[in-house]
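Subject: Structure for you, with notes on a helix and some pockets

Hi,

Here is the structure I promised to pass on. Have a look at it first, and my notes follow below.

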Amino acid sequence: MKKIFNILAAGLMSVFALISCAEKEIVTYVPDNVVDPVLDELSTPEGGFVLVEGENFATLTFSPVDFGIATAARYTAYVDINEDFSSKMSLGNTTTDTVGITVSANTLNNALITLNCEAGVPVTVYFRIEAEMMGESSTVETVEALVSNTISSDITPFDAEKVYEMVYVTGAPWGWPAAPWDPNAVAHLFSYAEDEENYVGVIDFGADCADYGFKITGATNWDNGNWGSGTMTSTEPEAPSITLWNDGGSGNITNYSTYRYYSFHFVKSTLTLNMNRGFNSVKVAGDFNGWTTGDANTDEMIQIRSNGKFYIDLDITAAGGFKFILDVDAEQPIWIGTGEGENGVGIGTGDNIQITEPGQYRFYLDLNDWENPTYSLSTADYGQPVE
């Protein structure tokens with residue numbers, strides 16, 4: 001017998017009705033009768049957990065919630081370094097109470113990085129489960145989630161780059177020439193805002209594949225968003241903004257073919273793709289090379305497809321300043337100098353960035369967030385494999 005929820009108490013969120021297609025059956029939700037889930041304690045090793053990249057951290061097991069009425073539930077595991085969970089991070093969810101929620105070391109480590117935990121330093125971490133009432137296809141938002149007990153453990157995170165939610169850019173330029181349009185050979189736009197709504201990034205279309213078109217997907221397949229061009233999309237070359245379709249029959253996006261690199265901002269709810277700027281090269285010049293820009297292949301940075309950053313390894317023989325340059329061979333190249341915030345840079349603005357000690361450095365430039373670009377230098381990464 002199919003049942004649906006109706007709210008019975010006007011202005012209150014405590015009474016619901018399940019109404020049968022054949023007869024009306026009133027089922028009352030009474031908040032005082034609920035039973036919260038109970039999260040099992042972790043078997044913490046002496047000295048606490050030390051996270052290891054690529055391994056599982058633990059499976060969080062718990063007793064089932066009881067809302068006092070027959071209904072499904074969704075369980076979400078949360079972690080925080082604050083006992084009041086004021087900055088909680090999700091670790092995953094499930095709709096069954098029998099198998100628990102398995103948390104990988106990478107997932108937990110990424111949450112701790114977001115919470116500004118220092119690699120290699122133990123920190124007291126708190127966990128809890130929140131259970132939400134489920135309707136036929138979504139949570140019942142008018143019923144508050146039921147919260148389990150809190151457990152804690154000392155955990156030591158490992159050093160890793162933060163991973164952001166992303167969407168995928170796929171087409172002929174990636175996987176070329178062996179596997180064009182392979183959904184696993186993709187570029188990425190990242191949710192630096194961590195809102196699963198705004199995605200930004202710089203995409204490398206390659207020197208030879210810029211005219212073949214592309215699409216954006218929500219995963220490395222065609223089943224979770226297949227966003228391409230449609231009748232509402234502008235066909236204007238280099239359009240500052242276009243609106244995409246979420247339809248398997250949508251066409252390839254072919255507006256952008258003048259430059260090798262493009263900075264994009266994709267808004268998921270409106271399927272709007274905004275183009276910030278196109279450019280063909282990123283280079284470095286400074287006191288270390290007499291501020292010469294060299295020929296087309298000198299000191300040119302390479303993009304790392306997995307994270308969209310540009311990099312180059314350089315031997316710096318003396319302390320001094322430098323800047324990054326976009327399109328050095330253009331009539332009006334764009335110089336990138338100091339900017340706001342830690343390691344911030346300014347596109348078209350700023351003073352020289354200073355290197356205080358000579359040495360062998362890997363230079364990184366992150367232009368994914370076009371409004372807030374950053375750079376970093378690493379002696380440890382110099383000469384190391386990138387991907």
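Predicted model: local features only at pLDDT ≥ 70, side-chain atom pairs only at ≥ 80, totals over all residues.

Start with helix α1: its buried residues pack against β5 (56–60), β6 (72–80), β7 (89–94), β8 (101–104), β9 (123–134) and β11 (151–156). Contact here means heavy atoms within 4.5 Å. Helices (H or I, at least four residues) and strands (E, at least two) are DSSP runs, numbered from the N terminus.

Residues are numbered from 1 along each chain as its sequence is written, and side-chain values use heavy atoms, with hydrogens and water left out.

Back to α1, which covers residues 105–114. Its buried residues (under 20% relative accessible area, with exposed over 50% and partly exposed in between; 1.4 Å probe, protein chains only) are Ala105, Leu108, Asn109, Asn110, Ala111 and Leu112. After the helix comes Asn116, with a positive phi near 65°.

On a 1 Å grid over the protein atoms alone, a pocket is an open set of points with protein on both sides within 12 Å along at least five of seven lines, a cavity is a set where a 1.4 Å probe fits but cannot get out, and lining residues have an atom within 4 Å of a point. Points are joined across faces, edges and corners, and a volume is the space filled by probe spheres set on them.

- Largest pocket: about 1,600 Å³, lined by 41 residues, with Ala160, Glu161, Lys162, Asn307 and Lys309 nearest its centre. α1, β13 (187–190), β28 (359–366) and β29 (374–378) each give two or more residues to the lining, and β29 has the largest share, five.
- Second largest pocket: about 600 Å³, with 19 lining residues, of which Met89, Ser90, Asn110, Glu165 and Glu196 lie nearest the centre. Here α1 gives the most, five residues. Asn110 is also one of the buried residues of α1.

Cheers
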